Amino acid sequence: MTQDDKEEAHQVWHLRRELKKGDAVWGELYNKKDGHSFHSIENSETLIPEGLHPCIKDYYHRGDYPTFEIIVEGRDRLLFHAANYANELEGCIAPGKDRGETEDGRLAVWSSKKAFNEFWEIVKDEDSFLLLIKDETNE
């Protein structure tokens, strides 16, 4: 099955990494099929490799809510969850409604819980979907 075949068979979310600064990476998390889009933040020290990754329904115990785990060989508990700063993430991805910099110049996303809740409303009826990650921070 080619990547195009996989994308056609499943809902596909895209993560386009756009800017790396310090411990943070900003990106856009979006779905081409229906146009939903969120800002995102990741920890630059624990990034998920580029490529196509399956995501399966799971639970974020620390936050006490359902989510999806991003399946990456050799790693576990890579989740989508709410967070505003990269140091709150250990390989996970946090959506945001907006983004900006803190007074000390760190990258952040704002309204992450609200963004996560909107994301969840879109994906909650799925058992799985695909995440295609592309890093454009050096382009």
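Trainee: Among contacts in the chain between residues at least 6 apart in sequence, what share joins residues at least 24 apart?

Mentor: A contact here means heavy atoms within 4.5 Å. In this chain, 53% of the contacts between residues at least 6 apart join residues at least 24 apart. Before we go on, this is a predicted model, in which local features need pLDDT of at least 70 and side-chain atom pairs count only at pLDDT 80 or more, while totals for chains, interfaces and linings use all residues. Residues are numbered from 1 along each chain as its sequence is written, and side-chain values use heavy atoms, leaving out hydrogens and water.

Trainee: Thanks! Which secondary structure does the chain have, and in what pattern?

Mentor: Helices (H or I, at least four residues) and strands (E, at least two) are DSSP runs, numbered from the N terminus. The chain has two helices and nine strands, and along the sequence they run α-β-β-β-β-β-β-β-β-α-β.

Trainee: How does the radius of gyration of the chain read against that of a compact globule?

Mentor: The radius is taken over C-alpha atoms, and the globule rule is 2.2 Å times the number of residues to the power 0.38. For 139 residues a compact globule would come near 14 Å, and the chain agrees, with 14 Å. Along the principal axes, the C-alpha atoms fill a box of roughly 45 × 35 × 30 Å.

Trainee: What share of the residues counts as buried?

Mentor: Buried means under 20% relative accessible area, exposed over 50%, and partly exposed in between (1.4 Å probe, protein chains only). By that scale, 43% of the 139 residues are buried.

Trainee: Which residues of the largest nonpolar core touch the most other members?

Mentor: In soluble globular proteins, nonpolar side chains tend to be buried together. A nonpolar core is a set of buried Ala, Val, Leu, Ile, Met, Phe, Trp, Tyr and Cys residues joined through side-chain atoms within 4.5 Å. The largest one here has 33 residues, and W13, I70, F80, F119, F129 and L131 touch the most other members. Elements that supply at least two residues each include β1 (12–21), β4 (51–60) and β9 (128–135). Helix α2 gives the largest share, five residues.

Trainee: What does L131 contact beyond its neighbours within four places in sequence?

Mentor: Look for W13, I70 and F80 around L131 in the model; they are among its contacts, as are H14, L29, C55 and I93.

Trainee: On to charges: how many salt bridges does a search of the whole structure find?

Mentor: Side chains of opposite charge can pair when their charged atoms come close. The criterion is a side-chain nitrogen of Lys or Arg within 4 Å of a carboxyl oxygen of Asp or Glu. The search finds 10 such bridges.

One joins E18 and R99, with the closest N and O atoms 2.9 Å apart. That pair spans 81 residues, from E18 in strand β1 to R99 in strand β7 (98–101). Both partners are partly exposed, E18 at 26% and R99 at 25%. R99 also bridges to E28, at 4.0 Å. Since R99 lies in β7 and E28 in β2, this pair ties together parts 71 residues apart in sequence. E28 is buried, at 11% relative accessibility.

Trainee: And how far apart are the closest N and O atoms of D58 and R77?

Mentor: They are 2.8 Å apart. D58 sits in strand β4 and R77 in the loop between β5 and β6 (94–96), 19 residues apart. D58 is partly exposed at 21%, and R77 is partly exposed at 31%.
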